[in-house]
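Open the model in your viewer and keep the selection panel at hand. The stops below are meant to be taken in order.

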Amino acid sequence: MRTRRRSQAERDEITVEIGYALLSACLLGAVVFAAIAGPVVVWQFPPAVNTFLLAAGGSVAGVLGAARVVHVLWRHARQHR
């Protein structure tokens, strides 16, 4: 495997792609968290249900956010081979 110096344009491109991946992951995570944990704000549930919905929302949002970052960066790497 040969390595070569990347041009400034290539470095800028990957920086923008990383920023896009992180921003879209944050937005996806926020929407998913709001969809799962949002009912806690609207309705009165028992404390155990509140805790479960908040934990489930945070967990699912985190996993989907990480998956989004990986997907975007892998897609970018595949396009530039």
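The tour of this predicted model goes from a helix to a pocket and then to a single side chain.

**Stop 1: helix α1.** Select residues 8-42, which make up helix α1. At 1.5 Å a residue, these 35 residues should span 51 Å, and the end C-alpha atoms are 49 Å apart, so the two values agree. Now centre on Ile36, where α1 bends by about 50°.

**Stop 2: the buried side of α1.** Select Glu17, Ala21, Ser24, Ala25, Gly29, Val32, Ala37 and Val40, the buried residues of α1. What do they pack against? Show α2, residues 47-79: the buried residues of α1 pack against this helix.

**Stop 3: the largest pocket.** Select Arg4, Arg6, Glu10, Glu13, Ile14, His76, Ala77, His80 and Arg81, which line the largest pocket. Its volume is about 360 Å³. Both α1 and α2 supply at least two residues of the lining, and α1 gives the most, with 3 residues.

**Stop 4: His76.** Keep the pocket lining on screen and pick out His76, one of its residues. His76 sits in α2. Is His76 buried or exposed? Its relative accessibility is 9%, under the 20% cut-off, so His76 counts as buried. Leaving aside residues up to four places away in sequence, His76 touches Glu13, Ile14 and Glu17. Of these, Glu13 and Ile14 also line the pocket, while Glu17 is among the buried residues of α1. Finally, draw the distance between the side chains of His76 and Glu13: they make a polar contact at 3.2 Å.

Note on methods
Residues are numbered from 1 along each chain as its sequence is written. This is a predicted model: local features need pLDDT of at least 70, side-chain atom pairs count only at pLDDT 80 or more; totals for chains, interfaces and linings use all residues. Side-chain values use heavy atoms; hydrogens and water are left out. Helices (H or I, at least four residues) and strands (E, at least two) are DSSP runs, numbered from the N terminus. Buried means under 20% relative accessible area, exposed over 50%, partly exposed in between (1.4 Å probe, protein chains only). A polar contact is a pair of N or O atoms within 3.5 Å; within protein, one must be able to donate a hydrogen and the other to accept it, and residues adjacent in sequence count only if both atoms are side-chain atoms. Contact means heavy atoms within 4.5 Å. The expected span of a helix is 1.5 Å times one less than its number of residues. The bend at a residue is the angle between axes fitted to the seven residues ending there and the seven starting there. On a 1 Å grid over the protein atoms alone, a cavity is a set of points where a 1.4 Å probe fits but cannot get out, and a pocket is an open set with protein on both sides within 12 Å along at least five of seven lines; lining residues have an atom within 4 Å of a point. Grid points are joined across faces, edges and corners, and a volume is the space filled by probe spheres set on the points.
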